[in-house]
Amino acid sequence: MDSRQDYQPFTPKSNGKLPDFSAQKYRDHFVEDTEEEKLDLSWLLGVLRRRILVMAAATIALSALAGTAIVITSKQITIEYEGSFSLLVEPATAEGLLSKQLDNTVAADLAKINIEGISLVDYETQIRILRSPKMMQPVLQELRATNPKLTYSELMSKLSINRISYTKDGKQQGTKILEVHYKDSDKEKIYRVLDKVSKAYLEYSLQQRLTGINQGIKFIDMEMPKLRERVEVLQLQVQKLRQQSNLFDPQLEGKSLSEQVQSIRGQQVGIQVQLKGMRNLYQNYEKLLRENNPQGLLMTQGQAYAGLLGQIQKIDSDLSMKLAQYREDSLPVLALRKSREELILTATQQAKEVVMGNLETQIKELEARDREMTDLQKDLNQKIRTFSVTTRQYDNLQRELQVVTKSFSDFLAKREALRIDAAQQQIPWVLINPPEIPLDKFGRPITATVKQTKKQLALAVILSGLLGIAIGLLVEVLNTVFHTPESLRMATRLPILGVIPFTKKVKRRRAPRQRQLTSARSKSKVEVVEPGEAKPTAAMLGGPSILSDLDYQFLEAFRSLYTNIHLLSAGKAIRSLLVCSAVAGDGKSTVALHLAATAAAVGQRVLLVDADLRCPQLHAKLGLPNVRGLGDAISTDISLNDAIQRAPNQDNLFVLTAGQIPPDPIKLLSSKKMQYLMEQFQAFFDLVIYDTPPLAGLADTHLLAAHTDATIMVVQIGKTDRSQVRKVLEELKISGASVLGIVANGCKNSGQSYRQRPVVLETLYDPKLSALGTKNHN
């Protein structure tokens, strides 16, 4: 399964090389889109396509093993037949007889009485009895006359007894029929066994019939005295309770008590309302007295105190007139005030003694009546509680008496019915289906052994197919590589710059026997063309070019790769490009070589630098000597013209091989001389492409990536491990490399999801090439 590991997008370097990288916009848009992508069937179809052979092999192997086991097991199965007979174990009993003589209600009530062995059969117990050794021993003795080795265990293993049931209202209901089955490979033996067993069961039912009826009558005779005694005791208790509680009709008496309680509650409510009014009036009178206003209190009593009130009013009138004529301390005014105070005192005494006294008496009378009503209500409530307990006892005794009386009546009717049944000697169990073996439409016995070999084989094939698919998916999960460019894009969250198809035509060139270094100084060597001179062509150099023998799809893939790099770098041309891979064998050298050849074919002046100072490959692929190269240019004072060579039969493509392998490549690549040479390369050429060592475990590529405009990573489809890619991408992010995108190499199905329209590129030839600088910089 493809692992969708999220990678943080690489941001462009901030050192002034590519400040506004258009690839960043693509990554931002890609991150937003991938959050909305859903898993579809494309991954599953890809897994099926890749693992179809594993799934098919696993399915075939599992199907063969399962089929062999099924066929062998099927051949070992013995053909058996099954015979059976049916018994009606519950003929017309006491309920059946009473249903003809009594109404249906009585018969239904009698049917509820469960007397074991009479009306209702305990079928589970009955079946165990029929299979018991005591029951089957006589049958076994008779069968041993023809089959001496027959044992009880063997007989019971092939004999089965079942109760026939049916479905009613969604529930299983049992019938009164028992079905006995016997299974064996000998048809004659089946008939003999079933015949002996059926006769034994009928004889058993005949013996058990009268025994069961007599046991039922005996049981009823034992229970009848107890029921009769219980009825008499309950009747006596009911009578005694009525006498003690003076009960005639409990319902009427209870209703009368309830009405009395309601009446007393109504009267008490009226008294409490009247008492509340009296108390409010008393409070008002007290307030008038506290305010020294006995006149207001006496005025409420009508004409009884009119004379006293008139005198007070007259003195108040005279006092007003005197105050108008005399001063406050004059004798007439003082005399009137004294008279008024005497009248007010008299009025106050009258109000307290007469009015307040009468009101207090009335309040006390109402309070006494209220307490009397409360006590009376408590007495009635107590009577009601006592009456409720008595009534409950009475009702319980009545219900129990009814149940016991009904049971006593039912037992009487049951005993009479059993006596009638015993007298008429009813038929015992009935053999409704004699022993037989089912026959098909041609009259042949139907076998009980069902061979489902074909169905089992089909099921085995289906299960094997599912297991084969599961094994294929497991292999897919365990194989932690990228299978498609889509899975690579989703895992790295980087754009796929190109999809390089798998081809077998990419071969190494043989180094010529006499090969001289390309130098701008030697006349016997191929010189670098000075400005104004004619550029040598492929025809002049002789031999096929690097791109001449390639497949059309392979060539178009590199043209698309070059075009995508050009489009992603819109606004700022890429002058230096680093090609790297996570591990060795991903094809980075091949991609670097053919990308450089493609760029040279469109007219760019390209320098291909083999920066793999550990295991260089470019000189072998191009058939060039590796006497002097990058390592020599860094460590010695040789001129670049002496180290750089022209690619065979390829215009505008120059190659700087690795040279002699140094003891410490890191020291050379991290030197200031290397940085200076990289700047010189960019000054002399339109595009510089670096082929670097694998990223995993080495720091060479990180040193160069920090000083190049862009980096592209080559990933081998179906080979490169996911964890390695994740690790090196994290390392590149730390080193500050500007990863432009991914190149999916070795894709065998590149035309499916990532096939792009061929881009027709015109080969542009620069009529003049600038010469390489000859100045040697230390």
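Rings of Phe, Tyr and Trp (its six-membered ring) pair if their centres lie within 6.5 Å; planes under 30 degrees apart count as stacked, over 60 as edge-to-face and the rest as tilted. By this rule, five aromatic pairs are found in the whole structure. One of them joins F554 and F558, whose ring centres are 5.0 Å apart and whose planes stand at 65°, so the pair is edge-to-face. F554 and F558 are four residues apart in helix α16 (residues 552–568), which separates them by about one helical turn. Helices (H or I, at least four residues) and strands (E, at least two) are DSSP runs, numbered from the N terminus.

The model is predicted: local features need pLDDT of at least 70, side-chain atom pairs count only at pLDDT 80 or more, and totals for chains, interfaces and linings use all residues. Residues are numbered from 1 along each chain as its sequence is written, and side-chain values use heavy atoms, with hydrogens and water left out.

F654 and F685 form a tilted pair, with 5.5 Å between the centres and 55° between the planes. F654 lies in strand β9 (residues 653–656) and F685 in the loop between α22 (672–684) and β10 (687–691), so this pair ties together parts 31 residues apart in sequence. F654 counts as buried because its relative accessibility is 1%.

No disulfides (cysteine sulfur atoms within 2.5 Å) are found in the whole structure. Among the cysteines, C615 is partly exposed at 44% relative accessibility, whereas C747 is buried at 4%.

Note on methods:
Buried < 20%, exposed > 50% of the residue type's maximum accessible area, 1.4 Å probe, protein only.
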